[in-house]
Amino acid sequence: MTDPKRGPFLTTMAVLFSVLAVSNATKFLQSLNSPETNGFVLFGYRFETLVSNLIFGLLFAGILFAYARGIWTMKRWVLPLSAAYAFYVPTNLVLFWYLRPPPDRPIIGIIVYLVFALGGSIGTALYLSAHRDRLQ
C-alpha cells in the first residue's frame with residue numbers, strides 16, 4: 001500500500017486529506033443539524049445556509065481531493081497547493097477564533113486540535129518541500 005517513494009507519512013497524510021475532503025463535502029448535511037455550531041468556515045466566517053455550505057464545502061472538498069491525489073501520486077504540482085494550504089489553515093483558525101472566540105473548553109483540547117491542524121497542514125508542506133526530489 002505504501003509506495004517506497006511516498007513513504008508512510010505521506011501515505012497517511014493523503015488518506016487523512018481524503019477523509020477531510022469527505023467531511024467538507026458533507027458540511028451541508030452537518031449544518032442542517034446545527035447551523036450555529038456546524039458548517040464550513042472560510043477565512044474565519046462560518047457559513048450557516050444550506051446552499052453556502054453545499055457550494056463551499058464541495059469546492060474545498062475538490063481542492064482537498066486534488067491535494068490528496070497529488071500526494072498519493074507524488075506529483076510536483078502539489079508543492080504550491082501544499083504551501084497555499086499551509087498558509088490557509090493557520091489564517092483560517094486565527095480569524096475564526098478572533099471573530100468568534102471559542103467557548104470555554106479545556107486547554108488540552110485546543111492544543112491537541114492545533115497540533116493536528118497545524119502539524120497536518122504545515123508539516124505536510126514542509127515534508128513535501130524537503131523531499132521535492134521524490135516528486136515527478
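How many nonpolar, polar and charged residues are in the lining of the largest pocket? By class, this lining has 23 nonpolar, 10 polar and 5 charged residues; Ala, Val, Leu, Ile, Met, Phe, Trp, Tyr, Cys and Pro count as nonpolar, Asp, Glu, Lys and Arg as charged, and the others, Gly among them, as polar.

## About the model

This is a predicted model, where local features need pLDDT of at least 70 and side-chain atom pairs count only at pLDDT 80 or more, while totals for chains, interfaces and linings use all residues. Residues are numbered from 1 along each chain as its sequence is written, and side-chain values use heavy atoms, leaving out hydrogens and water.

## The largest pocket

The volume of the largest pocket is about 1200 Å³. A pocket here is an open set of points on a 1 Å grid over the protein atoms alone, where a 1.4 Å probe fits, with protein on both sides within 12 Å along at least five of seven lines; lining residues have an atom within 4 Å of a point. The volume is the space filled by probe spheres set on the points.

Of the 38 lining residues, Leu20, Lys27, Leu93, Tyr113 and Ala117 lie nearest the centre. Helices (DSSP runs of H or I, at least four residues) are numbered from the N terminus, and α5 gives the most to the lining, with 9 residues.

## How α4 and α5 pack

The axes of α4 and α5 (lines fitted to C-alpha atoms over the stretch in contact) come within 7 Å and cross at roughly 160°. These two helices are therefore roughly antiparallel, a label for angles over 145 degrees. Their contact (heavy atoms within 4.5 Å) includes Leu93 of α4 and Tyr113 and Ala117 of α5. By class, this contact has 17 nonpolar, 3 polar and no charged residues.

Definitions and conventions
Axes are lines fitted to C-alpha atoms, for helices over the stretch in contact, and angles run from 0 to 180 degrees between N-to-C directions. Angles under 35 degrees count as roughly parallel, over 145 as roughly antiparallel, 65 to 115 as roughly perpendicular and the rest as oblique.
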